[in-house]
Amino acid sequence: MINSKCTIKKEVRTLARENKPALALKIAELRNNRNLTQKALAEALDFSKQEISNWETGLKTPRIAALSKIAEYFDVTLSELLDERLDITNVERTARVLATHLNSQITTEELTKITKFMDQFAHNNN
């Protein structure tokens, strides 16, 4: 009976690994690329080792503040961390969403820079 329980646990762990969310895999990949332990990453980001483990196993998803810390630490964008791709058909919608979050004090020069950046980003993802 003990052997069959061990086999079942092993199969459940394997299945869980195969069905991990992309974010969980990305965090683990970034951490492993830097040869960091979960404990070392937890200390660097001021989280517990258990939180890092939960994120990497897909049991929990980091909140937006934590995602921001992770992205900054690994020098990646939130989109890269979340493995999002820019949908060219939604560039206009993306621009409108971005515009709603911009300070009304933004200068024409700053808006032009943002627009050029978005255009470059859209063309690089084609």
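Buried means under 20% relative accessible area, exposed means over 50%, and partly exposed lies in between (1.4 Å probe, protein chains only). This is a predicted model, in which local features need pLDDT of at least 70 and side-chain atom pairs count only at pLDDT 80 or more, while totals for chains, interfaces and linings use all residues. Residues are numbered from 1 along each chain as its sequence is written, and side-chain values use heavy atoms, with hydrogens and water left out.

View 1. Helices (H or I, at least four residues) and strands (E, at least two) are DSSP runs, numbered from the N terminus. Along the sequence the pattern reads α-α-α-α-α-α-α-α. Of the 126 residues, 21% are buried. Contact means heavy atoms within 4.5 Å. Among contacts with a separation of 6 or more, 53% join residues 24 or more positions apart. The chain exposes about 9,800 Å², and carbon and sulfur atoms supply 53% of that area. Accessible areas come from the Shrake-Rupley method with a 1.4 Å probe; for residues, only the protein chains shown count as cover.

**View 2. Helix H4 (residues 49-57) and its cover.** The buried residues of H4 are Ile-52, Ser-53, Asn-54, Trp-55 and Glu-56. Their cover includes helix H2 (22-33), helix H3 (38-45) and H5. Just after H4, Gly-58 takes a positive phi of about 85 degrees.

**View 3. A salt bridge joins Glu-56 and Arg-31.** Side chains of opposite charge can pair when their charged atoms come close. A salt bridge here is a side-chain nitrogen of Lys or Arg within 4 Å of a carboxyl oxygen of Asp or Glu. A search of the whole structure finds 1. In the Glu-56 and Arg-31 pair, the closest N and O atoms are 2.6 Å apart. Glu-56 lies in helix H4 and Arg-31 in helix H2, so the pair ties together parts 25 residues apart in sequence. Glu-56 is buried at 4% relative accessible area. Arg-31 is buried too, at 10%.

View 4. Rings of Phe, Tyr and Trp (its six-membered ring) pair if their centres lie within 6.5 Å; planes under 30 degrees apart count as stacked, over 60 as edge-to-face and the rest as tilted. The whole structure has 2 aromatic pairs. Phe-47 is partly exposed at 22% relative accessible area. Trp-55 is buried at 6%. The charged end of Lys-69 sits over the Phe-47 ring, 4.9 Å from its centre. A charge sits over a ring if NZ of Lys or CZ of Arg is within 6 Å of the ring centre and within 35 degrees of the ring normal.

**View 5. Tyr-73 pairs with Phe-74.** This aromatic pair is edge-to-face, 5.0 Å centre to centre, with 85 degrees between the planes. Tyr-73 is partly exposed, with a relative accessible area of 27%. Phe-74 is buried, at 6%. The charged end of Arg-34 sits over the ring of Tyr-73, 5.2 Å from its centre.

**View 6. Ile-64, Leu-78 and Leu-82 make a nonpolar surface patch.** The patch covers about 250 Å². Patches are made of residues with over 30% relative accessible area and no salt bridge: like charges are joined within 9 Å, nonpolar side chains (Val, Leu, Ile, Met, Phe, Trp, Tyr) within 5 Å. Ile-64 belongs to helix H5 (residues 64-74). Ile-64 is exposed, at 59% relative accessible area.
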